[in-house]
Amino acid sequence: MSTDFTTKVTLPPKGTVVLEARGITKRYGQVTALDHANLDLKAGEVLAVVGDNGAGKSTLIKVLCGAVVPDEGEVLLDGKPVHFRSPLEARKLGIETVYQDLAVAPALDIATNLFLGRELRHKGPLGTWFRLLDKNRMRREAQHEMDELKFHLPAIDSAVEKLSGGQRQGVAVARAAIFARRLVIMDEPTAALGVRESGQVLNLIRTIRDRGLPVILISHDMPHVFEVADRIQIMRLGRRAAVTTPQKNTMSEVVAIMTGAARGDEPVEGNGG
Ligand SMILES: Nc1ncnc2c1ncn2[C@@H]1O[C@H](COP(=O)(O)OP(=O)(O)O)[C@@H](O)[C@H]1O
Ligand SMILES: [Mg+2]
(Lines give C-alpha, C1' and ligand atoms only; values in the text may rest on other atoms or scores of the structure.)
(Ligands and ions follow the chains in the order given, each with its own letter.)
Protein backbone atom coordinates (compact mmCIF):
# COMPACT_ATOMS: atom_id res chain seq x y z
CA MET A 1 0.00 0.00 0.00
CA SER A 2 1.35 3.41 -0.84
CA THR A 3 1.24 6.21 1.72
CA ASP A 4 0.51 9.93 1.24
CA PHE A 5 4.19 10.28 1.37
CA THR A 6 4.96 8.60 -1.92
CA THR A 7 1.85 9.76 -3.77
CA LYS A 8 2.75 12.58 -6.15
CA VAL A 9 0.22 14.08 -8.52
CA THR A 10 0.88 15.43 -11.98
CA LEU A 11 1.24 19.17 -11.65
CA PRO A 12 -0.40 21.59 -14.10
CA PRO A 13 1.72 23.59 -16.59
CA LYS A 14 3.53 26.66 -15.28
CA GLY A 15 1.25 29.70 -15.18
CA THR A 16 -2.03 27.81 -14.65
CA VAL A 17 -4.02 29.23 -11.74
CA VAL A 18 -3.90 26.63 -8.96
CA LEU A 19 -5.63 28.49 -6.15
CA GLU A 20 -7.95 31.44 -6.39
CA ALA A 21 -9.74 33.49 -3.75
CA ARG A 22 -12.48 35.88 -4.82
CA GLY A 23 -14.17 38.58 -2.77
CA ILE A 24 -13.20 37.16 0.61
CA THR A 25 -14.69 39.08 3.53
CA LYS A 26 -14.12 38.32 7.20
CA ARG A 27 -15.36 40.43 10.09
CA TYR A 28 -14.57 40.16 13.78
CA GLY A 29 -17.27 42.25 15.48
CA GLN A 30 -16.61 45.81 14.36
CA VAL A 31 -13.28 44.95 12.73
CA THR A 32 -13.24 44.08 9.04
CA ALA A 33 -10.13 41.91 8.74
CA LEU A 34 -10.77 41.16 5.05
CA ASP A 35 -12.87 43.31 2.76
CA HIS A 36 -13.49 41.54 -0.57
CA ALA A 37 -9.91 40.31 -0.84
CA ASN A 38 -8.68 38.46 -3.92
CA LEU A 39 -5.67 36.25 -4.53
CA ASP A 40 -4.47 33.99 -7.28
CA LEU A 41 -1.58 31.59 -7.12
CA LYS A 42 -0.10 30.14 -10.32
CA ALA A 43 1.73 26.88 -10.88
CA GLY A 44 5.50 27.20 -10.63
CA GLU A 45 5.64 30.46 -8.67
CA VAL A 46 6.46 31.93 -5.31
CA LEU A 47 3.74 34.50 -4.60
CA ALA A 48 4.71 36.87 -1.80
CA VAL A 49 1.93 38.57 0.15
CA VAL A 50 3.01 41.83 1.78
CA GLY A 51 1.21 44.52 3.74
CA ASP A 52 1.35 46.64 6.87
CA ASN A 53 0.42 45.19 10.27
CA GLY A 54 -3.31 44.55 10.29
CA ALA A 55 -3.64 44.54 6.48
CA GLY A 56 -5.27 41.10 6.62
CA LYS A 57 -2.41 38.87 5.42
CA SER A 58 -2.70 36.26 8.17
CA THR A 59 -6.48 36.17 8.00
CA LEU A 60 -6.37 35.65 4.24
CA ILE A 61 -4.00 32.72 4.44
CA LYS A 62 -6.01 31.26 7.33
CA VAL A 63 -8.99 31.23 4.98
CA LEU A 64 -6.90 29.48 2.33
CA CYS A 65 -5.71 26.79 4.72
CA GLY A 66 -9.07 26.18 6.40
CA ALA A 67 -8.29 27.74 9.78
CA VAL A 68 -10.84 30.54 9.30
CA VAL A 69 -14.22 30.29 7.54
CA PRO A 70 -14.96 33.52 5.61
CA ASP A 71 -18.25 35.44 5.88
CA GLU A 72 -18.34 35.98 2.13
CA GLY A 73 -16.43 35.03 -0.99
CA GLU A 74 -15.20 31.85 -2.56
CA VAL A 75 -12.05 29.79 -2.83
CA LEU A 76 -11.29 27.69 -5.90
CA LEU A 77 -8.70 24.95 -6.08
CA ASP A 78 -7.86 23.90 -9.64
CA GLY A 79 -10.94 25.87 -10.71
CA LYS A 80 -13.33 24.01 -8.41
CA PRO A 81 -15.01 25.68 -5.41
CA VAL A 82 -13.84 24.36 -2.04
CA HIS A 83 -15.29 25.06 1.41
CA PHE A 84 -12.73 24.25 4.06
CA ARG A 85 -14.11 23.98 7.58
CA SER A 86 -10.80 22.93 9.13
CA PRO A 87 -7.09 22.80 8.30
CA LEU A 88 -7.44 19.02 8.02
CA GLU A 89 -9.81 19.41 5.08
CA ALA A 90 -7.34 21.69 3.30
CA ARG A 91 -4.51 19.26 4.00
CA LYS A 92 -6.50 16.42 2.51
CA LEU A 93 -6.66 18.41 -0.71
CA GLY A 94 -2.90 18.93 -0.73
CA ILE A 95 -2.49 22.34 0.95
CA GLU A 96 0.18 22.41 3.67
CA THR A 97 0.83 25.40 5.92
CA VAL A 98 3.82 26.48 7.97
CA TYR A 99 2.68 28.75 10.76
CA GLN A 100 4.61 31.64 12.23
CA ASP A 101 5.13 29.95 15.59
CA LEU A 102 7.30 26.91 15.04
CA ALA A 103 5.17 23.82 14.79
CA VAL A 104 7.76 21.26 15.84
CA ALA A 105 7.96 19.03 18.92
CA PRO A 106 11.39 19.82 20.46
CA ALA A 107 11.87 16.59 22.42
CA LEU A 108 11.27 14.35 19.40
CA ASP A 109 13.84 13.52 16.74
CA ILE A 110 13.89 15.00 13.24
CA ALA A 111 12.43 11.95 11.49
CA THR A 112 9.56 11.69 13.99
CA ASN A 113 8.84 15.39 13.58
CA LEU A 114 8.68 15.05 9.82
CA PHE A 115 6.06 12.32 10.17
CA LEU A 116 4.14 13.78 13.11
CA GLY A 117 0.47 12.84 12.75
CA ARG A 118 1.25 10.73 9.68
CA GLU A 119 3.52 8.07 11.12
CA LEU A 120 4.50 5.15 8.95
CA ARG A 121 3.51 1.85 10.57
CA HIS A 122 4.81 -1.64 10.05
CA LYS A 123 3.19 -3.56 7.26
CA GLY A 124 0.82 -6.37 8.19
CA PRO A 125 -0.65 -7.19 11.62
CA LEU A 126 2.15 -5.48 13.56
CA GLY A 127 1.12 -2.15 12.10
CA THR A 128 -2.60 -2.79 11.71
CA TRP A 129 -3.29 -4.30 15.12
CA PHE A 130 -0.43 -3.14 17.30
CA ARG A 131 0.04 0.27 15.62
CA LEU A 132 3.77 -0.37 15.64
CA LEU A 133 5.80 2.48 14.09
CA ASP A 134 8.28 1.67 11.38
CA LYS A 135 11.05 3.89 12.76
CA ASN A 136 13.72 2.69 10.40
CA ARG A 137 11.61 3.39 7.37
CA MET A 138 10.67 6.84 8.68
CA ARG A 139 14.36 7.64 9.20
CA ARG A 140 15.27 6.38 5.75
CA GLU A 141 12.51 8.29 4.04
CA ALA A 142 13.20 11.42 6.10
CA GLN A 143 16.90 11.35 5.18
CA HIS A 144 16.05 10.80 1.54
CA GLU A 145 13.65 13.75 1.46
CA MET A 146 16.05 16.09 3.25
CA ASP A 147 18.75 15.14 0.71
CA GLU A 148 16.33 15.79 -2.14
CA LEU A 149 15.55 19.20 -0.67
CA LYS A 150 19.30 19.81 -0.29
CA PHE A 151 18.73 20.85 3.32
CA HIS A 152 21.57 19.71 5.51
CA LEU A 153 20.87 18.71 9.08
CA PRO A 154 22.70 16.79 11.76
CA ALA A 155 21.82 13.08 12.15
CA ILE A 156 18.17 12.46 11.38
CA ASP A 157 17.68 10.82 14.81
CA SER A 158 18.91 13.83 16.82
CA ALA A 159 16.34 15.67 18.92
CA VAL A 160 14.94 18.83 17.37
CA GLU A 161 15.74 20.80 20.56
CA LYS A 162 19.43 20.41 19.68
CA LEU A 163 18.92 22.25 16.39
CA SER A 164 19.33 25.96 15.70
CA GLY A 165 16.24 28.10 15.00
CA GLY A 166 16.92 27.98 11.26
CA GLN A 167 17.31 24.22 11.23
CA ARG A 168 14.06 23.84 13.18
CA GLN A 169 12.23 26.07 10.76
CA GLY A 170 13.82 23.99 7.98
CA VAL A 171 12.25 20.88 9.51
CA ALA A 172 8.81 22.56 9.63
CA VAL A 173 9.14 23.77 6.03
CA ALA A 174 10.45 20.41 4.80
CA ARG A 175 7.56 18.65 6.48
CA ALA A 176 5.08 20.82 4.60
CA ALA A 177 6.97 20.35 1.33
CA ILE A 178 7.07 16.58 1.70
CA PHE A 179 3.35 16.15 2.29
CA ALA A 180 1.91 18.96 0.15
CA ARG A 181 0.55 17.79 -3.16
CA ARG A 182 -0.80 21.12 -4.46
CA LEU A 183 0.81 24.06 -2.68
CA VAL A 184 2.60 25.31 0.43
CA ILE A 185 1.66 28.37 2.50
CA MET A 186 4.16 30.01 4.84
CA ASP A 187 3.42 32.81 7.29
CA GLU A 188 6.61 34.72 8.13
CA PRO A 189 8.95 31.70 8.03
CA THR A 190 12.09 33.81 8.45
CA ALA A 191 10.74 36.21 11.11
CA ALA A 192 12.68 34.68 14.01
CA LEU A 193 15.87 33.88 12.10
CA GLY A 194 19.30 35.40 11.60
CA VAL A 195 20.78 36.26 8.19
CA ARG A 196 22.48 32.95 7.42
CA GLU A 197 19.55 30.87 8.66
CA SER A 198 17.07 32.96 6.70
CA GLY A 199 19.20 32.28 3.63
CA GLN A 200 18.84 28.53 4.18
CA VAL A 201 15.06 28.79 4.47
CA LEU A 202 14.87 31.02 1.37
CA ASN A 203 16.88 28.40 -0.55
CA LEU A 204 14.46 25.75 0.62
CA ILE A 205 11.54 27.84 -0.68
CA ARG A 206 13.19 28.08 -4.10
CA THR A 207 13.87 24.32 -4.15
CA ILE A 208 10.24 23.59 -3.31
CA ARG A 209 9.05 25.84 -6.13
CA ASP A 210 11.51 24.32 -8.58
CA ARG A 211 10.28 20.85 -7.68
CA GLY A 212 6.82 21.96 -8.84
CA LEU A 213 4.96 23.15 -5.74
CA PRO A 214 3.81 26.77 -5.81
CA VAL A 215 4.38 28.71 -2.58
CA ILE A 216 2.49 31.55 -0.91
CA LEU A 217 4.95 33.43 1.26
CA ILE A 218 3.77 36.00 3.78
CA SER A 219 6.62 38.24 4.84
CA HIS A 220 7.27 41.77 6.01
CA ASP A 221 10.94 41.46 5.10
CA MET A 222 11.26 43.29 1.76
CA PRO A 223 14.77 42.05 0.90
CA HIS A 224 13.60 38.46 1.45
CA VAL A 225 10.50 39.06 -0.64
CA PHE A 226 12.52 40.60 -3.46
CA GLU A 227 14.99 37.71 -3.30
CA VAL A 228 12.53 34.84 -3.76
CA ALA A 229 9.19 36.13 -5.06
CA ASP A 230 8.10 35.71 -8.67
CA ARG A 231 5.08 37.94 -8.02
CA ILE A 232 4.14 40.18 -5.09
CA GLN A 233 0.60 40.77 -3.88
CA ILE A 234 0.32 43.99 -1.88
CA MET A 235 -2.46 44.06 0.74
CA ARG A 236 -3.93 47.18 2.26
CA LEU A 237 -7.02 47.64 4.47
CA GLY A 238 -8.14 44.05 4.05
CA ARG A 239 -7.86 43.81 0.29
CA ARG A 240 -5.46 43.35 -2.58
CA ALA A 241 -4.18 46.78 -3.55
CA ALA A 242 -1.82 45.66 -6.31
CA VAL A 243 0.07 42.76 -7.82
CA THR A 244 3.57 43.41 -9.04
CA THR A 245 6.97 41.74 -9.53
CA PRO A 246 10.47 42.52 -8.25
CA GLN A 247 11.28 43.60 -11.83
CA LYS A 248 8.39 46.06 -12.18
CA ASN A 249 8.64 47.91 -8.87
CA THR A 250 11.33 48.84 -6.38
CA MET A 251 11.13 48.04 -2.68
CA SER A 252 10.27 51.65 -1.87
CA GLU A 253 7.49 51.66 -4.44
CA VAL A 254 6.02 48.52 -2.90
CA VAL A 255 6.26 50.04 0.58
CA ALA A 256 4.55 53.21 -0.71
CA ILE A 257 1.58 51.19 -1.97
CA MET A 258 1.50 49.20 1.29
CA THR A 259 1.26 52.33 3.39
CA GLY A 260 -1.12 54.20 1.08
CA ALA A 261 1.45 56.84 0.08
CA ALA A 262 1.03 55.62 -3.51
CA ARG A 263 -1.94 54.05 -5.25
CA GLY A 264 -1.95 50.45 -6.38
CA ASP A 265 -3.85 49.44 -9.50
CA GLU A 266 -6.73 47.91 -7.53
CA PRO A 267 -8.79 50.44 -5.52
CA VAL A 268 -8.98 49.92 -1.76
CA GLU A 269 -10.51 53.21 -0.64
CA GLY A 270 -14.22 53.91 -0.19
CA ASN A 271 -15.29 50.43 0.78
CA GLY A 272 -16.42 51.42 4.21
CA GLY A 273 -13.19 49.98 5.64
N1 LIG B 1 -9.27 36.47 15.83
C2 LIG B 1 -9.40 37.78 15.68
N3 LIG B 1 -10.24 38.48 16.47
C4 LIG B 1 -10.39 39.81 16.33
N5 LIG B 1 -9.73 40.56 15.43
C6 LIG B 1 -8.88 39.93 14.62
C7 LIG B 1 -8.65 38.51 14.68
N8 LIG B 1 -7.75 38.18 13.74
C9 LIG B 1 -7.41 39.31 13.12
N10 LIG B 1 -8.08 40.37 13.63
C11 LIG B 1 -7.96 41.76 13.18
O12 LIG B 1 -8.09 41.77 11.77
C13 LIG B 1 -7.17 42.67 11.19
C14 LIG B 1 -6.26 41.93 10.23
O15 LIG B 1 -5.39 41.09 10.97
P16 LIG B 1 -4.32 40.11 10.34
O17 LIG B 1 -4.97 39.30 9.29
O18 LIG B 1 -3.66 39.39 11.45
O19 LIG B 1 -3.33 41.14 9.64
P20 LIG B 1 -1.78 40.98 9.27
O21 LIG B 1 -1.44 39.55 9.29
O22 LIG B 1 -1.68 41.61 7.90
O23 LIG B 1 -1.02 41.77 10.28
C24 LIG B 1 -6.45 43.35 12.34
O25 LIG B 1 -7.10 44.55 12.63
C26 LIG B 1 -6.60 42.36 13.47
O27 LIG B 1 -6.55 42.98 14.71
MG1 LIG C 1 0.12 38.39 10.39
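Start by selecting β2 (31-42) and α1 (57-64): each supplies at least two residues of the shell around ligand 1. The model is predicted.

Next, show ligand 1 with its surroundings. Y28, V31, A33, G51, N53, G54, A55, G56, K57, S58 and T59 surround ligand 1. By class, this shell divides into four nonpolar residues, six polar and one charged. Colour the shell by element, and α1 comes out as the one that gives the most, with three residues.

Is α1 largely enclosed or open? Eight of the eight residues of α1 are buried, so the rest of the structure largely encloses this helix. The buried set runs through K57, S58, T59, L60, I61, K62, V63 and L64. K57, S58 and T59 also belong to the surroundings of ligand 1. Then step just past the end of α1 to G66, where phi is positive, at about 85°.

Now leave the ligand and select the nonpolar core. The largest such core has 75 residues, and L183, V184, V215 and L217 are those with the most contacts inside it. Helix α6 (residues 165-179) contributes the largest share of this core, eight residues. As background, nonpolar side chains in soluble globular proteins tend to be buried together.

For a last stop, centre on V215. Which residues is V215 in contact with, leaving aside neighbours within four places in sequence? The partners are V46, L183, V184, M186, I205, I208 and R209. Two of these names, L183 and V184, are also listed with V215 among the residues with the most contacts inside the core.

Notes. Residues are numbered from 1 along each chain as its sequence is written. Chains are lettered from A and ligands numbered from 1 in the order in which they are written. This is a predicted model: local features need pLDDT of at least 70, side-chain atom pairs count only at pLDDT 80 or more; totals for chains, interfaces and linings use all residues. A residue is near a molecule or strand if its C-beta atom, placed from the backbone, lies within 6 Å of it. Helices (H or I, at least four residues) and strands (E, at least two) are DSSP runs, numbered from the N terminus. Ala, Val, Leu, Ile, Met, Phe, Trp, Tyr, Cys and Pro count as nonpolar, Asp, Glu, Lys and Arg as charged, and the others, Gly among them, as polar. A residue is buried if 20 or more other C-beta atoms lie within 10 Å of its own, exposed if 12 or fewer, and partly exposed in between; C-beta atoms are placed from the backbone. A nonpolar core is a set of buried Ala, Val, Leu, Ile, Met, Phe, Trp, Tyr and Cys residues joined through C-beta atoms within 7 Å. Two residues are in contact if their C-beta atoms, placed from the backbone, lie within 7 Å.
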